[in-house]
Structures are given as C-alpha cells and as structure tokens.
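This report concerns a single structure, shown below with its sequence.

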Amino acid sequence: MDIVRVQDIGLRNTDDPEILEWAAREKRVLLTHDVATITMYAYERVDRGLPMTGVIEVIATDSIGKILDDLEILILCANPEDYENQVLFVPLF
C-alpha cells in the first residue's frame, strides 16, 4: 500500500475536482473523510466520461480498528481497476 497525503504533495487547499483530476492522472484511489462534497464531484466525473480511479470514503462512526479492518479487506480483495468509477464507504457494514 502506498499512501500519499494531499498535504505532502502540495494539494492541501485544492478544490475537490482538482484532487480527483490528480488522482485520475496518477492512477490513485482517493481515500477521504470528505463525505459532504467529494461524492458529488466523483460521480460528476463519471457522468462526464472523465477517468475516475475510485473513492473510498471513511465515515468515522466505528472504531478505528473496524475501519482499518474494512480497509484491509478492500485492499486485499480487489485490484485498483476494480475501484474505477466507484465510490465505496467504510465501514462496509
């Protein structure tokens, strides 16, 4: 697993559409807590026929252990291309 934070690559105050564009260009799945707006922009990209490498939204309603377990399942059970044009939510159930 190779995680890059937006803060570390100079995108800290960047708008969501630009972050999704960067993720698509870099072929990275976006992991975020931003359930308020990122979903809308992700599906907008799909509707426009633009590449969308996938979004995993972490909703912090469960323990960090449960969230990490669910993330591990997602990482081990799929290939990056399985996430294309998908928005998934963690916890899974």
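## Basis

The model is predicted: local features require pLDDT of at least 70 and side-chain atom pairs pLDDT 80 or more, whereas totals for chains, interfaces and linings use all residues. Residues are numbered from 1 along each chain as its sequence is written, and side-chain values use heavy atoms, with hydrogens and water left out.

## Tyrosine 83

Tyrosine 83 is located in the loop between α3 (64-76) and β3 (87-90); helices (H or I, at least four residues) and strands (E, at least two) are DSSP runs numbered from the N terminus. With a relative accessibility of 8%, tyrosine 83 counts as buried (under 20% relative accessible area, 1.4 Å probe, protein chains only).

Beyond four places in sequence, the contacts of tyrosine 83 include Val29, Met52, Thr53, Leu74 and Leu88 (contact: heavy atoms within 4.5 Å). Valine 55 is 28 residues from tyrosine 83 in sequence, yet their C-alpha atoms are 7.4 Å apart.

## Threonine 53

Threonine 53 occupies the loop between α2 (38-47) and β2 (55-58) and is buried, at 14% relative accessibility. A polar atom of its side chain lies 2.4 Å from the backbone oxygen of arginine 28. Apart from neighbours within four places, threonine 53 touches residues including Ala23, Lys27, Pro80 and Tyr83.

## Helix α3

The buried residues of α3 are Ile67, Asp70, Leu71 and Leu74. They lie on the same side of α3 because their arc around the axis is only 100°, taken from the directions from the helix axis to the C-beta atoms. Their cover includes β1 (30-32), β2 and β3.

Definitions and conventions:
Buried means under 20% relative accessible area, exposed over 50%, partly exposed in between (1.4 Å probe, protein chains only). A polar contact is a pair of N or O atoms within 3.5 Å; within protein, one must be able to donate a hydrogen and the other to accept it, and residues adjacent in sequence count only if both atoms are side-chain atoms.
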